[in-house]
Amino acid sequence: MKKYSKLIIAVIIALIFIGTFVFLYQKSQPKPVAYNEFLPKKGDIARTTIITGKIEPRNEVSIKPLISGIITEITKEAGVYVQAGEVIAKVTVIPEMSSLSSAESRVRMAEINLKQAKTDFEREKNLYDKKLVSAEEFDKVSQALQQAHEEKMAADDALQVVRDGVSRSNANASSTLIRSTISGVILDIPVKVGNSVIPSNSFNDGTTIANVANMNDLIFKGNIDETEVGQLKENMPMKITIGAMHNTKFDASLEYISPKALENNGANQFEIKAAVNIANGRNIRSGYSANAEIVLDKVTGVLTLPESAINFEGDSTFVYIVKGSSDKKTYERKPVTTGLSDGVNIEIKKGLTAKDKVRGPQIVGEDDNK
């Protein structure tokens, strides 16, 4: 009995040994290489580029005061639409002492001249009534009195303008009222009540009271690399994507390409501008970041193949044509002429037909990934 037990154990060990040997042998055998296969097909290929930029109003105007003074009232706020001529803020004048002194002196001189003109007129009128002077002489005195009156009024107005920034005769056109020069949306009011403001002159830009822009006329502004700018033309269509608006897309038309390059991080780039077609009712804000997609080149109805199936050697390109049956395949190397590529598919100009099955990259299995 013990003899049979030892024999059975020996047989089991032998079977385990043989099974292990067969398993390892099978694992060590090279697996047949499998490849993806593609059939050329008709399609369209477009080569595009993406330009990063932002949305801006075409015309943005800085509203500045005409006189120096202090902001006493702001009648509008950012985001409000204003018509040209509407008052945005009010300013209290800070007169210059030299100008004020000159204006006061002019008023005093005008009062003296007016008083003398009145005296001359009364004297001349008495003589004229007695027919002791001619009408011509009396007319000259009357004219002098009128001129003295006008000079006194002008001196008073000048003093009021210097002192108050407004006079009785030009109250409606007062320079103390800061008005919008265009119709549009107020983008920003960078001043507050109590701030001092000055007008623009040859020495400084002046204080900006508000920035106003027409938000119905927007442009996309961005930069494109010098390697691609040569393929751009005015009026080329573009697609503008605004990420802040849930990737909303708008149509645009290229209207400006800078003739001069700007260096940006060591690369030469050219500024471009495109008119953006905004749908009615869409609220676009100035300064939104956006991407512009431009089709640089496009072919339609051509024979295409995945670019991964193309083999490149120097300036030559070739593919491997699948020959034979599924049990025994062979591959024939064949040169082809390629055209436009979009990074995924490539145009086949010459060397293939729609019936030629082409070998692609090797299929990677689970064992190959380990």
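Rings of Phe, Tyr and Trp (its six-membered ring) count as a pair if their centres lie within 6.5 Å; planes under 30 degrees apart are stacked, over 60 edge-to-face, and the rest tilted. This is a predicted model, where local features need pLDDT of at least 70 and side-chain atom pairs 80 or more, while totals for chains, interfaces and linings use all residues. Residues are numbered from 1 along each chain as its sequence is written, and side-chain values use heavy atoms, leaving out hydrogens and water.

A search of the whole structure turns up two aromatic pairs. Select Phe121 and Phe138 to start: they make a tilted pair, 5.5 Å centre to centre with 35° between the planes. Phe121 sits in helix H2 (residues 97-129) and Phe138 in helix H3 (residues 135-164), 17 residues apart; helices here are DSSP runs of H or I, at least four residues, and strands are runs of E, at least two, numbered from the N terminus.

Now jump to Phe318 and Tyr320, an edge-to-face pair at 5.7 Å centre to centre and 85° between the planes. Phe318 has a relative accessible area of 5%, so it counts as buried, whereas Tyr320 is partly exposed at 21% (buried is under 20%, exposed over 50%, partly exposed in between; 1.4 Å probe, protein chains only).

Next, pick Ser341, in strand E19 (residues 337-341). What does its side chain make a polar contact with? It's the side chain of Glu307, at 2.5 Å (a polar contact is a pair of N or O atoms within 3.5 Å; within protein, one must be able to donate a hydrogen and the other to accept it, and residues adjacent in sequence count only if both atoms are side-chain atoms).
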